[in-house]
Amino acid sequence: MILLAITNKNIVGRKMSKEELAKELSDAIISCKKDNVIAAVEKARDAGMEPTEIIEKGLAAGMNEVGVLFERGKLFLPHVMMAADAMTQGVALLEKDMEPGESAKKPAVIVNGTVEGDVHDIGKSIVSTMLQSAGFEVHDIGRDMPTKAFIDKIKEVNANVVGLSALMTTTMQGQKEVIEALKEEGLRDEIKVMLGGAPVTQAWADKIGADLYAENATEAVRGVKEILNV
Ligand code: B12
């Protein structure tokens, strides 16, 4: 076990594959222990795994499994909170590696946040980090944010994209409210609206008139590039 923790080789000395490293990252999240997550992230990074792969294939996959175990009553809310905290710390370790160079800056100003009544922010923060690392200017306004906070920030920074995260069926309505408010303020034609969060679907995005739905952070980066043609 000690050997596994300090090398990127498996028990018989073979270099671990990305799939094995991803599984170890995922298992570390499921253990809900911050130290395990930090060790697994450092090991995967030393083994040459890309930060985006570490996040999407390892940590986020583990967090999704935590969700399933929680739903089945095999993990309880304190476990989920510990796993969430460990995940946040794991992602923070990678943020420095993901900073874009000045020359990579792209012409998009993005306001991103989780809508009112919803405290889930792990996925939203990953999306912010990955958009930033792709060279976009990102203003992450946080979680449980009222519609007015989105509108005020959009005006303040002159944003051309807004990301709206909702993790609960009950808070998805907040995404619609922001779109309605953008129309009322006469801002709708100047801004692209991007939706995300586990219960959100393309059908919902179409129904409420959003421009883009992305299932994960990688798709969000791809989608923004496509929609802005950059
Ligand atoms: C972690 C977690 C928590 C943590 C949140 C910690 C934090 N800082 O975020 C804590 C413990 C605080 C919590 C609290 C609650 N939770 Co909770 N939670 C979860 C859990 C297990 C995982 C969510 C997560 O972080 N996933 C990992 C990340 C990486 O994935 P993600 O968020 O989906 O994000 C990805 C994509 O969706 C997308 N994305 C996300 N946002 C955005 C935004 C944009 C713009 C784009 C393009 C893409 C995008 O990209 C991300 C990266 O790939 C989910 C279960 C699940 N299956 O989702 C339940 C879940 C969301 N919670 C739930 C509930 C009910 C609650 C509580 C009411 C408490 C309770 N009774 O369980 C409270 C909510 C209080 C409130 N008012 O918000 C329910 C919601 C049910 C529903 N359908 O409405 C779920 C589904 C669990 C369940 N089945 O009961 N929770």
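## Strand S1 and its partners

Strand S3 (residues 161-165) runs parallel to S1, the two being joined by five bridges. The model is predicted: local features need pLDDT of at least 70, side-chain atom pairs count only at pLDDT 80 or more, and totals for chains, interfaces and linings use all residues. Residues are numbered from 1 along each chain as its sequence is written, and side-chain values use heavy atoms, with hydrogens and water left out. Strands are DSSP runs of E with at least two residues, and helices are runs of H or I with at least four, both numbered from the N terminus. Strands pair if DSSP finds at least two bridges between them.

S1 is also joined to strand S2 (residues 137-145), by six bridges and again in parallel. The β-α-β crossover from S1 through H6 to S2 is right-handed, that is, clockwise from the first strand over the helix to the second with the strands pointing away from the viewer.

Valine 111 has histidine 139 as its bridge partner in S2 and valine 162 in S3. Seven of the seven residues of S1 are buried (under 20% relative accessible area, 1.4 Å probe, protein chains only).

## Histidine 120

Histidine 120 lies in the loop between strand S1 (109-115) and helix H6 (122-133).

Not counting residues up to four places away in sequence, histidine 120 touches Thr114, Leu167 and Met168, with heavy atoms within 4.5 Å.

How values were computed. Buried means under 20% relative accessible area, exposed over 50%, partly exposed in between (1.4 Å probe, protein chains only).
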